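I opened my notebook for a quick look around this one. Here is what I looked up, starting with a single residue and then stepping back to the whole chain.

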Amino acid sequence: MNRLSERNPGTVLTVTPNPALDETYQLRKLTPGSTHRVPPPLTRAGGKGLNSARVVHQVGFPALAIAPLGGPAGDSCRTELASAGVPHRLVDVSAPTRRSMAFVDEESGLTSIFNETGVPLLPEEWVDLLRVIEHEVPQAACVVGTGSLPPDAPADFFAGLVRLSSDAGLPCIVDTSGPALLEAAAAGAFLLKPNREELREATQCADTATGAELLLAAGAQNVLVSSGADGMCLFSAGTPGSCLAATLGRSLPGNPTGAGDAAVAALAVLLASGERAPEELLRAATAWSAAAVLMPAAGEISPRYAEFAAQVQINHITREKTRFQKETR
């Protein structure tokens, strides 16, 4: 990661179609069914892409966040983004921006998250959002599409973002779930980053390697699967039947809410700088993800990310051909 200081990465463009006003509450102990008195929450503009852009900006690299915002929560997001100095282009919509609430139980170290689903955008608002994206993509060096889609969203939204990036000669990272993940794979995304549960849900494969290979067979070039404290595995189309597995070697206490978003930020910064070496990408993603756990809320990482990068353990794992590979020969 020190080599980044010698480079000049281009702009990381993040697209968040279903942003949220994030509210993080700290509790001494969360007791179901009880009344809790809590201090005011830490409130900031959120959603996975906005979190990633915030991390990229924090570590001193160029970022531009695109998102639709509306209603009182949307106004609060606008104000907070301006105060934080995160570069952004926002699309006015009539739908009120949703809220996401995280409750951090200090005694157990666990975090409970409640995400609103969001409100549908009007057809013309999707057109406005796409127009902004089409204007900004040619000026970026890496494109990131992340998070959930609001109800009634175009099913191929992320797939369209992948194709738009590909037409501009840019790598595109997609971090989403469900059918949208499969659509992005079929569109040829450079890298997909589901967590283990999202991969299982989208592919209906209980085995992580088999699920990742399904996405590669569908058209994705790389699949990075995160598994919390168990680390990450990177599967690549160029090395079938094997993967790179990374771990910090220990778990860290803290709030894991933004760990995946920090991993995406690391990948995007490296890709925007021209780095394509799988081990470098995996090392950075693992280190930044760990550094995010030490922070109170999503969208920032501890300065210890460089220290963690030196501690990341990476192993090359080979396995016999999966049942899926055998059946499709």
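Entry 1. I began with Val144, which I count as buried because its relative accessibility is 1%, well inside the cut-off of under 20%. I kept in mind that I am working with a predicted model.

Entry 2. Next I asked where Val144 sits in the secondary structure. I found Val144 in strand E8, which covers residues 142-146.

Entry 3. Which residues touch Val144, once neighbours within four places in sequence are set aside? My list reads Val12, Leu13, Thr14, Val15, Leu161, Ile173, Val264 and Ala268. I then checked one of these partners, Val264. Val264 and Val144 are 120 residues apart along the chain, and I get 8.0 Å between their C-alpha atoms.

Entry 4. Stepping back, I counted 11 helices and 14 strands in the chain. The radius of gyration came out at 19 Å, close to the 20 Å from the globule rule for 329 residues, so I note the chain as being as compact as a globular protein of that length. For the C-alpha trace, I noted spans of about 55 × 45 × 45 Å along the principal axes.

Entry 5. I looked at burial and contacts for the whole chain too. Of the 329 residues, 53% are buried. Taking contacts between residues at least 6 apart in sequence, I found that 69% join residues at least 24 apart.

Entry 6. I have about 14,300 Å² of accessible surface, with 51% belonging to carbon and sulfur atoms.

Methods:
Residues numbered from 1 in each chain as written. Predicted model: local features only at pLDDT ≥ 70, side-chain atom pairs only at ≥ 80, totals over all residues. Heavy atoms only, no water. Helix = DSSP H or I, 4+ residues; strand = E, 2+ residues; numbered from the N terminus. Rg over C-alpha atoms; globule rule 2.2 N^0.38 Å. Buried < 20%, exposed > 50% of the residue type's maximum accessible area, 1.4 Å probe, protein only. Contact = heavy atoms within 4.5 Å. Areas by Shrake-Rupley, 256 points an atom, 1.4 Å probe, with all protein chains shown as cover.
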